[in-house]
Amino acid sequence: MLGDKKRVPIVEGIFTWPSEDPRLIAGKCKSCGALTFPKMPICPNPECDDKLNVEEVLLSKRGKLWSWTIQRYQPPAFRMAEPFKPFGIGIVEIPEGLRIVGMLTTTEGLRIGMDVELVIEKLYEDEEKEYLTYKWKPIY
Amino acid sequence: MQRDVAIVGVGLHPWGRYPEKKMQEMGAVAIINALKDAKIKWTEIDGIVAGAYHWDHVYGGMYGLLAGNALSMAFGELNVPVYNVANACATGGSVISVGYMMIASGLHDVVLAVAADKSGLGFFPPKSRDKDDVDYVRYSMTGETNPAYWAMELRRRWFELGLDEKENERLLAKPKAMLSEAGARNPYARYKRKFTIEEVLKSPMVADPFRLYMICSTSDGAAAMILTTLEKAKKITDKPVLIEGATCVSSKFGEPCTRLPTMSSFPRHGVPRLSDARKAVERVYKLSGRRPDEIDVIEQPDHSPWHYFEYLEVVLQLSENERGTAEKMVEKEETHPLTGKVPVCPSGGASSFGEVLTADGIMRVCELVWQLRGQAGERQIKKDLKVGLAITYGYMGNNAAVVVSKAW
């Protein structure tokens, strides 16, 4: 629509975008299956000699909240929407075996072990663009 | 052939905020104090190993990165090898490890190990805006501060231990309260007063369940030590402190902790939490031939309650079944820095000093030296001390550990 700002990831290559079903992008070794997030082109498994045979894979969008906290003060030099509001951060375990750090969509009702789902949200904007990051959203 | 290495001199610049002081100036004060303590002349030094500044993007520049050279130029260039070592929070311990190797190898006889840093200007926001810098990607997209990460680790630890956060809130405040009793007696500490549990629990929440006073601040400061062979040390001083072992260690593939500044972990079966710290401790026990029960005094990470509990159990090499022992020991004040059965951080810790990134690891060993020599003044541990262990915390799973003992 006219007047809508362009919506861009804060850093490209972390999740698929633009997409109707955005996913986190990981690297997976075709030989041993070792995963890297963010994606790296090298297999991180010291026992695997096939070092440069890594494919891009899209990660599951659902996981379990391994732990969480609420960031109560504005992180220094961190761009986000003003005025500052405390936000949730979590470590989420996904079925592939990765644990991933990310913001949470809420500060309420958080519980270790709860199911969460990946969403993409605006973190801040300027005159031209909206800047997006990935967040985990509790599924109650 | 490997030679025995001893510490003959230690010196600090006080920790705090010194915006008007150059890094080199603080370093010089620490060096002067160490040389005086060692009764060694500057010109006797045949090798230097220094903590490299990590803030060259924002302040310090090349003079911070090549800190050893900057300090040499300031103090008097000796035309000797200078190694600048950067291992994040494990830098201090790594500096000592390199110094130890320089002398043990037979290639050097008198080494200065030094670090000076202005961490007080704040260091955790990533300095680059480079998409290849995962630290920048992580921070800009998740806002994960250090306290937030540490809080998540503690929360998970207590979830697994079945410890209710509200019911055991005092336990989270206890390390700070205990440590402050030592800090209050340390002329080099930044916070030279006692903090009560009540005060800690009244301080604002920064990242649940951690409150402000549970988290160490960051400071400016410097620490230095003079290393030499044990043989030479015995001729110079009647209280040489032997370095029984020193090492740094990195993480193992499959490390479960989502260590800073990574965005993920890929836990593998059989790889323990804090694989870096566990291996550092294992190596240094092997090098020294010591067992955990032989350690009389410990200097370890105390940046947050998570560090305090988790690293204590690493140092004591407790099994997974024994997880939670640290909390029980804290409850009973068995780890009180001055009076505990297992005194932890008689310096007062990062809790009382604030963290000076590159120098912390050196300061901790300086404290062990003072304690072993009986020179810790009002914070002198009364029980008989023979062996001390210092261990650091570190980004990306860098960790350094040192075991020292009385060699008289």
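Leaving aside neighbours within four places in sequence, which residues is Val404(B) in contact with? In this predicted model, the partners of Val404(B) include Ile7(B) and a run made up of Val241(B), Leu242(B), Ile243(B) and Glu244(B). Val365(B), Leu368(B), Val369(B) and Leu372(B) are also in contact with Val404(B), as is Gly388(B). Val404(B) belongs to the largest nonpolar core, which has 162 residues. Together with Ala113(B), Met225(B) and Ile362(B), Val404(B) touches the most other members of that core.

A helix of chain B comes next. Helix α14 of chain B covers residues 360-373, 14 residues in total. From first C-alpha to last, α14(B) reaches 20 Å, close to the 20 Å expected at 1.5 Å a residue. Because 14 of its 14 residues are buried, α14(B) is largely enclosed by the rest of the structure. Just after this helix, Gly374(B) takes a positive phi of about 75°.

Attention now turns to the contact between the two chains. Chain A contributes 36 residues to the contact and chain B contributes 30. On the side of chain B that touches chain A, at least two residues each come from α5 (134-142), α6 (146-161), β5 (205-207) and β9 (264-265). The largest share of this side, seven residues, is supplied by α5(B). Sorted by class, the side of chain B that touches chain A holds 16 nonpolar, eight polar and six charged residues.

Strand pairing also links the chains: β7 of chain A, residues 99-104, and β9(B) pair in the antiparallel sense over two bridges. Here Arg99(A) stands opposite Ser265(B), a residue in β9(B).

Technical notes:
Residues numbered from 1 in each chain as written. Chains lettered and ligands numbered in written order. Predicted model: local features only at pLDDT ≥ 70, side-chain atom pairs only at ≥ 80, totals over all residues. Contact = placed C-beta atoms within 7 Å. Helix = DSSP H or I, 4+ residues; strand = E, 2+ residues; numbered from the N terminus. Nonpolar A, V, L, I, M, F, W, Y, C, P; charged D, E, K, R; others polar. Pairing = 2+ DSSP bridges. Core = buried A, V, L, I, M, F, W, Y, C linked by C-beta atoms within 7 Å. Buried ≥ 20, exposed ≤ 12 C-beta atoms within 10 Å, placed from the backbone. Expected span 1.5 Å × (residues − 1).
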